[in-house]
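Here is a short report on one protein model. Look through the sequence and the fold, then read on.

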Amino acid sequence: MTTDHPDQEQHRDQNQGQAGQQHQGQGQHRDQNQGQAGQQHQGQGQHRDRNQGREPRRFHLPSGSAARGAYAVDIDPEAAGWDRSALRVLELEPGGVHTLVTGDSEWIVLPLAGGCTVRIAGETFELRGRKSVFSGVSDFAYVPRDARAEISSGAGGRFALAGAKCERRLPARYGPAPEVPVELRGSGTCSRQVNNFAAADTFDCDRLIAVEVLTPGGNWSSYPPHKHDEHVPGEECELEEIYYFDVQDGGLGYHRVSPSRDGGTDVLAEVRGGDVVLIPDGWHGPSIAPPGRTLYYLNVMAGPGEERAWLIRDHPDHRWIRDTWPDELIDARLPLYTAHPSPGPEVTP
């Protein structure tokens, strides 16, 4: 049984002092910052720190580099260098139990592989889960701030905890898989599937926005490149974003973040299962799926705006691609799956 995890505990950087060390299975990324020409940092996207004298912030975190304790991934706002968005990936052995202390954040427990039971304040939510993120939509549980939840799994599994610092304390709830809207976005080689389980207009949270995206092999998603790093009423909102990747049957994909401002985030990453990319600012996209392999990513977002919304602005050099979509067919491989029937809502008083 794992012990309580205080949200206030800081995230230890397990790669400090290891710049330049080879990361097995990761492609190299040339640092594009001034004054560092010729240095290569493998598997990591670097960004010139605005505060001199501090270590450069890391935005591509290869699998295992953000692990801590019970979590295969543990990214809190302090570790990310921003204000709200968080992601943990919990791995439980058969019969495993974990206690989540939510602190000042709201959380969604989303099965990635396997099912689990979430107990909170006298309620029990039985999450049927799924075999993998490539096999179907999952049900999920919302856990509010200032709460204590117990997550257990008889058969074991892997579970994403998508979180955001928030102000309101909403009730704990169950999210049935059949109610998750499955959207087909784009067309042609830009076709992808979006599971909008906690999109801004589909499930009520205070700050948190979270969706899953599946991109068939050879296609581009998160395209055209877009951004949401400033507040422009009616056009763009400010959101911190986390990408958590998986690749069906192994392999690699690629993800790009280009600067939207002087000294902004600049990443070209070769991504594999379990990798994370942090996006505090910048034009992000494309995410490129390898031929023959479906690329998955979980997006976790939150921002400071009063309105919980996802408003984006396309890169002006690439927005034309949207105009081509009505003339092309959606990739015939989509949808990869739709929501499946479940017994839910499975809630025991």
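How far is the sulfur of Cys-166 from the closest cysteine sulfur? The distance is 8.9 Å, to the sulfur of Cys-205, and that is too far for a bond. A disulfide here is a pair of cysteine sulfur atoms within 2.5 Å. The search of the whole structure finds zero disulfides.

This is a predicted model: local features need pLDDT of at least 70, side-chain atom pairs count only at pLDDT 80 or more, and totals for chains, interfaces and linings use all residues. Residues are numbered from 1 along each chain as its sequence is written, and side-chain values use heavy atoms, with hydrogens and water left out.

Both cysteines are buried, as the table shows. Buried means under 20% relative accessible area, exposed over 50%, and partly exposed in between (1.4 Å probe, protein chains only).

| Residue | Relative accessible area |
|---|---|
| Cys-166 | 4% |
| Cys-205 | 2% |

**Chain and core**

The protein chain has two helices and 27 strands. These are DSSP runs, numbered from the N terminus: helices are H or I with at least four residues, strands E with at least two. Of the 349 residues in the chain, 56% are buried. Contact means heavy atoms within 4.5 Å. Among contacts with a separation of 6 or more, 74% join residues 24 or more positions apart.

In soluble globular proteins, nonpolar side chains tend to be buried together. A nonpolar core is a set of buried Ala, Val, Leu, Ile, Met, Phe, Trp, Tyr and Cys residues joined through side-chain atoms within 4.5 Å. The largest has 55 residues, and Tyr-244 and Leu-298 are among those with the most contacts inside it. β25 gives the most to this core, with six residues. Leaving aside neighbours within four places in sequence, Tyr-244 touches residues including Val-73, Arg-158, Asp-275 and Leu-298. A second, separate core of 21 residues includes Leu-92 and Trp-107.

Elements that give two or more residues to the lining include β16 (192-198) and β25 (295-302).
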